[in-house]
Amino acid sequence: MNVAVFASGRGSNLNAIIEAIRKGVLPAHLSLVVSNNASAGALELARSHNIPAVRIRQNDFSSEEAFSEELLSCLARHEVEFIALAGYMKKIPPQIIGRFRNKITNIHPALLPAFGGPGMYGMHVHEAVLRAGVKITGVTVHLVDEEYDHGPIVLQRPVEVAPYDDPVSLAARVQAVEHEVYPLVLKAFAEGRVTVKGARAWIEP
Ligand code: GRF
């Protein structure tokens with residue numbers, strides 16, 4: 001399975017994916033890394049591993065259609081079959097979602113549908129979790145559809161909120177779980193073990 005990772009930031013999930021492929025845990029080929037952000041750590045990380053890395057952003061195009069066309073032809077050139085969003089801060093245009101239906105995943109640092117949607121990214125998520133006083137948060141990997149932080153949930157893992165947590169300590173524990181589960185979900189897709197039926201998705205053993 002040829003995978004493209006879309007990332008806007010640090011790229012720690014990208015790193016976990018690279019490592020899982022290197023160790024032979026994830027039977028996939030990382031064909032491309034895409035970012036909207038020229039200074040994303042993810043782009044640097046990709047280049048240091050000789051993975052094709054492109055910065056492409058909608059603002060540089062006259063329309064969403066023109067941006068989508070360029071993105072689609074870039075994905076086709078690199079023979080991309082699957083897209084993993086890993087901290088990608090921009091909305092995926094509907095043309096891309098249509099072309100890659102049920103072949104785009106996103107990882108979110110909470111248990112959706114709680115603590116998701118516009119504005120719920122990065123530390124904002126963990127701050128909101130602590131403000132709400134919930135005792136369990138976690139990680140969600142879901143398929144991407146036209147709505148933000150929406151689409152069939154493929155896997156969730158809980159993380160306990162400790163009384164002494166602050167957003168930074170909580171984020172660190174949640175991210176450690178992200179790095180463990182995202183490669184496993186991608187492995188399930190690569191092995192054809194993900195079933196999607198309507199609003200629901202699950203991994204077959
Ligand atoms: C992760 O916490 C992920 O859940 C969210 O963005 C963050 C990306 O972190 N969507 P990194 O760039 O992979 O370190």
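**Close-up 1. T195 and E204 meet through their side chains.** The side chains of T195 and E204 make a polar contact at 2.7 Å (a pair of N or O atoms within 3.5 Å; within protein, one must be able to donate a hydrogen and the other to accept it, and residues adjacent in sequence count only if both atoms are side-chain atoms). T195 belongs to strand β8, residues 194–197 (helices, H or I with at least four residues, and strands, E with at least two, are DSSP runs numbered from the N terminus). Leaving out residues up to four places away in sequence, T195 touches R200, A201, W202 and E204 (contact means heavy atoms within 4.5 Å).

A word on the model: it is predicted, so local features need pLDDT of at least 70 and side-chain atom pairs count only at pLDDT 80 or more, while totals for chains, interfaces and linings use all residues. Residues are numbered from 1 along each chain as its sequence is written, and side-chain values use heavy atoms, with hydrogens and water left out.

Close-up 2. A ligand nitrogen lies 2.9 Å from a polar backbone atom of I107. Taken alone, the ligand exposes 360 Å², and the protein buries 85% of that (accessible areas by the Shrake-Rupley method with a 1.4 Å probe).

**Close-up 3. The shell around the ligand.** Here we have G9, R10, G11, S12, N13, G87, I107, H108, P109, Q175 and E178 (each with a heavy atom within 4 Å of the ligand). They split into two nonpolar, seven polar and two charged residues (Ala, Val, Leu, Ile, Met, Phe, Trp, Tyr, Cys and Pro count as nonpolar, Asp, Glu, Lys and Arg as charged, and the others, Gly among them, as polar). Helix α1 (12–22), strand β5 (104–108) and helix α6 (167–190) are the elements that give two or more residues to this shell.

Close-up 4. N102 is in the loop between α4 (94–99) and β5, and has a positive phi of about 60° although it isn't a glycine. P113 is in the loop between β5 and α5 (123–132). The peptide bond from L112 to P113 is cis, with omega near 10°.
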